[in-house]
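Reader: Please take a close look at the aromatic rings here, and at the parts of the chain that they join. Begin with the chain as a whole.

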Amino acid sequence: MKTTEVIDLGPGTEALSQDVCDRTIEALEAGYVVFLPRYGFPVTDSDKPLFSPSLLNKDSKNVSYNPATRKLGGITTSQETTALLQGMMQRFADFARQLLMRVSPDYRNGLNQARASFRPVEIEGRASSWRKDDTRLHVDAFPSSPTQGKRILRLFCNINPDGRGRIWRIGEPFEQVAKRFLSSIKPPVPFSATLLQLFGITKSRQTPYDYYMLRLHDAMKADERYQAEVEKIELDFPAGSTWLVFADQVSHAAIRGQYQLEQTFLIDLEQLRHKDQSPLRTLERLVGQKLI
Ligand SMILES: [Fe+2]
């Protein structure tokens, strides 16, 4: 089972050849992880005080950062540490955007740079409800922020200061996941999207596509037998590496590791080369109707 496309990008910011961009874009849209083993986010000496889970308030598993407003969330820290964290997160947000523009210039238009996060807690052994348990294979879907058909592209950097890898599992391709679980998912109830928005449960209208993606996410995580038996491959992302993935398409689980940066991008479907490979088009084919 192919899961990964390795792009051996060295340090630097020069424009990349068309061949490298083509390989990246084709791999991402086909549902592979694009792995840059030698290209990492440069952590500075002044960032060192940030390497501690004690940055987080008791209800959070991540520090969140909104590059548009420069606001941090999930933290309980001194003013000094907050300023340091803000600095690192903004540098990372800039790093992630520049890198994406270099490797996937097709997505330049229609790109929305959403939240970034810093994940300072060891994943293994962390207590969590099954729905929030990212050590179980899943595809990403946002309960309160429907994407309304936009794609969820995520860029990750392992910045573990002790050189420890981040371990993921990759499951079966999206179409197989969808075929396996769709029959157990009831169609959305008319007016439920209006009610969810009315009561503030969703920030914008939940389309039938968002509904099916959330149900798929839940059905995968809730099925213990599926988790145990489905074919999967383990990947080790070393400290100092970067990887990108359409997280709404690739069945993934993060099972071990500490200290990771992540940037989410939302991409208009229109910008894709192969719209037919997207979860939206795949689900529409399988359900037999338009979902947006
Ligand atoms: Fe995920």
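Author: Of the contacts in the protein chain with a separation of 6 or more, 84% are between residues 24 or more positions apart; contact means heavy atoms within 4.5 Å. This is a predicted model, in which local features need pLDDT of at least 70 and side-chain atom pairs pLDDT 80 or more, while totals for chains, interfaces and linings use all residues. Residues are numbered from 1 along each chain as its sequence is written, and side-chain values use heavy atoms, without hydrogens and water.

The protein chain has seven helices and 11 strands (DSSP runs numbered from the N terminus, helices being H or I of at least four residues and strands E of at least two). Its radius of gyration is 19 Å, close to the 19 Å that the globule rule gives for 292 residues, so the chain is as compact as a globular protein of that length. That radius is taken over C-alpha atoms, and the rule is 2.2 Å times the number of residues to the power 0.38. Of the 292 residues, 50% count as buried (under 20% relative accessible area with a 1.4 Å probe and protein chains only; exposed is over 50%, partly exposed in between).

Now to the rings. The structure holds 16 aromatic pairs. Rings of Phe, Tyr and Trp (its six-membered ring) pair if their centres lie within 6.5 Å; planes under 30 degrees apart are stacked, over 60 edge-to-face, and the rest tilted. Phenylalanine 41 and phenylalanine 92 are edge-to-face, because their ring centres are 5.6 Å apart and their planes are at 85°. This pair links distant parts of the chain, 51 residues apart: phenylalanine 41 is in the loop between strand S2 (33–36) and strand S3 (63–66), and phenylalanine 92 is in helix H2 (residues 79–103). Both phenylalanine 41 and phenylalanine 92 are buried.

Phenylalanine 118 and tyrosine 259 are stacked, because their planes are at 25° and their ring centres are 6.3 Å apart. Here the two partners are 141 residues apart, with phenylalanine 118 in strand S5 (residues 111–119) and tyrosine 259 in the loop between strand S10 (252–256) and strand S11 (260–267). Phenylalanine 118 is buried, with a relative accessible area of 0%; tyrosine 259 is buried too, at 7%.

Phe118 and Leu283 have the most contacts inside the largest nonpolar core, which has 70 residues. Such a core is a set of buried Ala, Val, Leu, Ile, Met, Phe, Trp, Tyr and Cys residues joined through side-chain atoms within 4.5 Å. The largest share of this core, 10 residues, comes from H2. Apart from it lies another core of 13 residues, among them Trp168 and Phe237. Trp168 and Phe237 also belong to an aromatic cluster with Phe35, Phe156 and Trp243.

Lysine 2 lies over the face of tyrosine 32, at 4.7 Å from the ring centre, and the charged end of arginine 151 sits over phenylalanine 246, 4.1 Å from the centre of its ring. A charge counts as over a ring if NZ of Lys or CZ of Arg is within 6 Å of the ring centre and within 35 degrees of the ring normal.
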